[in-house]
Amino acid sequence: MGHHNKYLYDRFEFTDEYKQELIEFIRHNTNVEIGGYRMWDGIRTHLMQSPWELADFVFALKKHENDTGFKIRRFLEVGFSSGQNNSILNKFFNFDHIVGLDLFNSNTNGSSLQGNMQHKNLVLVTGDSTSKRVIDLVNKMGPYDLIFIDANHTYEFVKKDFENFHPFLEKGGVIGFHDIDCPDWIGINKFWKELEASGMYNMQAFVESGHLLQYGIGMLTIK
């Protein structure tokens, strides 16, 4: 079947050629400061991800499924924002169950948020990720095969989010962190290094430098 007959996310393959195609796809959805093709236009409809880091993360998740036979079906995203990241991951993994968590107190694009709520098995929880109410709700809807932490970016909050939510990870599941090597949020890097030093986790870091904006994605599994 020719490429034009099948969508990129439906024909995943572990090849360099495919990875380049995936990076190019993500570049069209993100802005120039992070290596994409879009101008910052102030309306916040772009994807806030490095194309190279996100492609590496998708590859690593697919490899985890492949190597372990563990299917990633249930996704908790701590920090949903307007959901662009959620939608891209959903295209590649077609989740049975998504819980998105956010305070929705920072600037988001309403139309983008509405668009990224569609065509997925999604429950949105609005509130402080460290509150007992939110943690209890998230627990009731768990466990989760993938947890992505991308909420309040201070050291204290990232630490709390990890400590509060990692108990809801299914055995064999994966935790992702955004901004592990971001000059604007050094607290995340500090916490990431502490997790590394503990020796309790298998950890991978995907960091693409050389752009005006730098984020970094971390991935860990429990030993």
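Why does a radius of gyration of 17 Å agree with a compact globule for this chain? I began there, keeping in mind that the model is predicted. A compact globule with 223 residues would have a radius of gyration near 17 Å, and the chain has 17 Å, so the two agree.

Next I looked at the extent of the chain. I noted that the C-alpha trace spans about 50 × 40 × 35 Å along its principal axes.

Then I went through the secondary structure. I found 7 helices and 7 strands in the chain. Reading along the sequence, I wrote down the pattern α-α-β-α-β-α-β-α-β-α-β-α-β-β.

I turned to contacts after that. Taking contacts with a separation of 6 or more, I saw that 65% of them come from residues 24 or more positions apart.

For burial and surface, I noted that 48% of the 223 residues count as buried. The accessible surface of the chain is about 11,000 Å², and carbon and sulfur atoms hold 50% of that.

The chain has 22 positive and 29 negative charges, and their mean positions lie 5 Å apart.

How many of the 10 residues of strand β5 are buried? I got 7, so to speak a mostly covered strand, running over residues 169–178. Its partner in my notes is strand β4, residues 144–149, which runs parallel to β5 and is joined to it by 5 bridges. Within this pair, I found I147 opposite I175 of β5.

Notes
Residues numbered from 1 in each chain as written. Predicted model: local features only at pLDDT ≥ 70, side-chain atom pairs only at ≥ 80, totals over all residues. Heavy atoms only, no water. Helix = DSSP H or I, 4+ residues; strand = E, 2+ residues; numbered from the N terminus. Rg over C-alpha atoms; globule rule 2.2 N^0.38 Å. Buried < 20%, exposed > 50% of the residue type's maximum accessible area, 1.4 Å probe, protein only. Contact = heavy atoms within 4.5 Å. Areas by Shrake-Rupley, 256 points an atom, 1.4 Å probe, with all protein chains shown as cover. Lys, Arg positive; Asp, Glu negative; His and termini not counted. Charge placed at Lys NZ, Arg CZ, Asp CG, Glu CD. Pairing = 2+ DSSP bridges.
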